Amino acid sequence: MSTTLFRTIQPNQFSLFGSTLLRWRRSSNFSVRCCGSQTTTTTQKIKQPSQSRIAPKNHGSNKLDEILRDYEAVIGIETHVQLSTLTKAFCNCPNSYGSHPNTSICPVCMGLPGALPVLNSKVVEFGVRLGLALNCDLSLKSKFDRKQYFYPDLPKGYQISQFDIPIASGGFVDVDIPLEFGGGHRRFGITRVHMEEDAGKLLHSDTGDYSQVDLNRAGVPLLEIVSEPDMRTGIEAAEYASEMQRIVRYLGVSNGNMQEGSLRCDVNISIRPIGQTEFGTKVEIKNLNAFSAVSRAIDFEISRQALLHNQGQADQIVTETRLWEEGAQKTVTMRKKEGLADYRYFPEPDLPEVILTQEYVDSIRASLPELPEAKRRRYEAMGLGMQDVLFLANDVSVAEYFEAVIGKGADVKSAANWIMSDIAAYLKNEELSINDAKLTPQELAELIAAIKDGTISGKIGKQILFELLAKGGTVQGMIKAKDLVQITDPAEIEKMVLKVVSENPKQLEQYRSGKTKLEGYFAGQVMKMSKGKANPALLNKILQEKLNAKD
């Protein structure tokens, strides 16, 4: 098992109600004061942008297109994953999203003198799980370091992180690019995965003259995943980030919700002339909170840098941190980027080394679930197309539902089609997840079987499907209760066809004059008469015989 040393001194639980308030004065100095519990946050809720990925669009001229052809982008991503542990990384405070500001804090979170961190062993376990899932080499002996920087939301004045000996390094991840973006497979290198703690959160006022500090997030455990600079387009970067979200959700180490900040992406971008091996000047774009924003921010930044190069102003591309403005659809300068020397790393003196045994690592490896890449390859081997594969493997709950359906004997392609079309549309319209559906995998398999063996028609099957999704129940029970068994007696169908034809002489004359599309009209009338129960194949055969008869 992993071994850690634990301090015997445990600080008493301590809560500071209200928010710390920082007010900037005209002299650029600022004062800190504590607001009472009656203080309300003045920030407004901002609607999160959609997380759907979009193809890159170049809104510039043909001249810009020509300029972009002369340059290659080099892109790497730092992904911060908040872990789904019960408590924070170095104290017993609950790790809960959405708590009232400054109610989940203690002297350790606040960095008060004499408060000592104690490592949450679940953070180590999750780090090992993610490292193995990303095909990394694990460090059986790693350590924590202090990363010095001074922000209002970081009360200690440093962050506990890992520097020279991360828990995992040297891995890779395989990604499938959707067909609408060109398709194909990509492999992106993983430089490292390291453990660290999160900072607090600033809540800015509408006027911008002060900010409140919520320290609930301070000390929340993170895993930072640093990629190799292997991506070349915004779409590749967005798909890489999407795969990270899938992996952490499959592993159960994080909910990966970007709108909650559980998964945040910092993108590093540089460009260089085609054929040049040296990297250009790297620019970082911070805290992108949607996959579409990742793609669009990168595309904008590539165009911005390419234009500066083309205009002989490459020296204006500086190492800096920029923000993506969703409304303006552009990046803007946030601050000059710190270098490694600015952080003044040194070993964390209050935490021991993290030592793993091979037995501990092997036990975690044996417990790993099937990961998205392996699942996609297995679904392909079943005969499913890439569009089906990407949809079904995207969400672990959808994948489990699909596999439960085919486990009951349902046809693979039929199960995929029902889940991807009618069921997905219903869940989206009702704003439900597949776990909320009242239609069980067993009953979907029964429905598919009933259509396949001719007990009911496909049209009746859809009616049953939506009722079961909304109310639950059984397929066989509904078929019996509503007398939905398909009519397969040729004589009975023929009677209905003759009746419809005799009652529509004008349409019959038009059909025989060459308007053969009216066949659909007759079929519809027969289906209406049979209440949708006539066997479609048998109906079409008999109907064509009667419509084309000479007498």
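What follows is a short chat about the predicted model shown above.

Visitor: What kind of model is this, and how are residues numbered?
Guide: It is a predicted model, where local features need pLDDT of at least 70, side-chain atom pairs count only at pLDDT 80 or more, and totals for chains, interfaces and linings use all residues. Residues are numbered from 1 along each chain as its sequence is written, and side-chain values use heavy atoms, with hydrogens and water left out.

Visitor: How many helices and strands does the protein have?
Guide: There are 18 helices and 18 strands. Helices (H or I, at least four residues) and strands (E, at least two) are DSSP runs, numbered from the N terminus.

Visitor: How much of it is buried?
Guide: Of the 551 residues, 48% are buried. Buried means under 20% relative accessible area, exposed over 50%, partly exposed in between (1.4 Å probe, protein chains only).

Visitor: And what share of the contacts join residues at least 24 apart?
Guide: The share is 71%, among contacts between residues at least 6 apart in sequence. Contact means heavy atoms within 4.5 Å.

Visitor: Let's go to α18. What span should it have?
Guide: Helix α18 covers residues 536-547, and its twelve residues should span 16 Å at 1.5 Å a residue. The expected span is 1.5 Å times one less than the number of residues. The end C-alpha atoms of α18 are 16 Å apart, which agrees.

Visitor: Which residues of α18 are buried?
Guide: Leu539, Ile542, Leu543 and Leu547. They cover an arc of only 130 degrees around the axis, so they sit on the same side of α18. The arc is that of the directions from the helix axis to the C-beta atoms.

Visitor: Why would residues three or four places apart point the same way?
Guide: An α-helix has 3.6 residues a turn, so residues at that spacing point the same way.

Visitor: What's on the other side of α18?
Guide: Ala537 and Lys541 are there, and exposed.

Visitor: What do the buried residues of α18 pack against?
Guide: Three helices: α15 (490-502), α16 (505-512) and α17 (519-529).

Visitor: New topic. How do α8 and α9 pack?
Guide: Helix α8 (residues 372-381) meets helix α9 (residues 386-394) at an angle of about 140 degrees, with the axes 9 Å apart. Axes are lines fitted to C-alpha atoms, for helices over the stretch in contact, and angles run from 0 to 180 degrees between N-to-C directions.

Visitor: What do you call that arrangement of α8 and α9?
Guide: Oblique. Angles under 35 degrees count as roughly parallel, over 145 as roughly antiparallel, 65 to 115 as roughly perpendicular and the rest as oblique.

Visitor: Which residues meet there?
Guide: From α8, the list includes Arg376 and Tyr379. From α9, Val389 and Leu390 are among them.

Visitor: And α10? What does its buried part pack against?
Guide: The buried residues of α10 include Tyr401 and Phe402. Its buried residues pack against α4 (234-251), α8, α9, α11 (412-430) and α12 (441-452).

Visitor: Where is Ala445, and is it buried or exposed?
Guide: Ala445 is in helix α12. It counts as buried, at 6% relative accessibility.

Visitor: What does Ala445 touch?
Guide: Val405, Lys408 and Ala410, not counting residues up to four places away in sequence.

Visitor: Last one. Where is Glu431, and what is its phi?
Guide: Glu431 is in the loop between α11 and α12. Its phi is near 55 degrees, a positive value in a residue other than glycine. Glu431 counts as exposed, at 75% relative accessibility.
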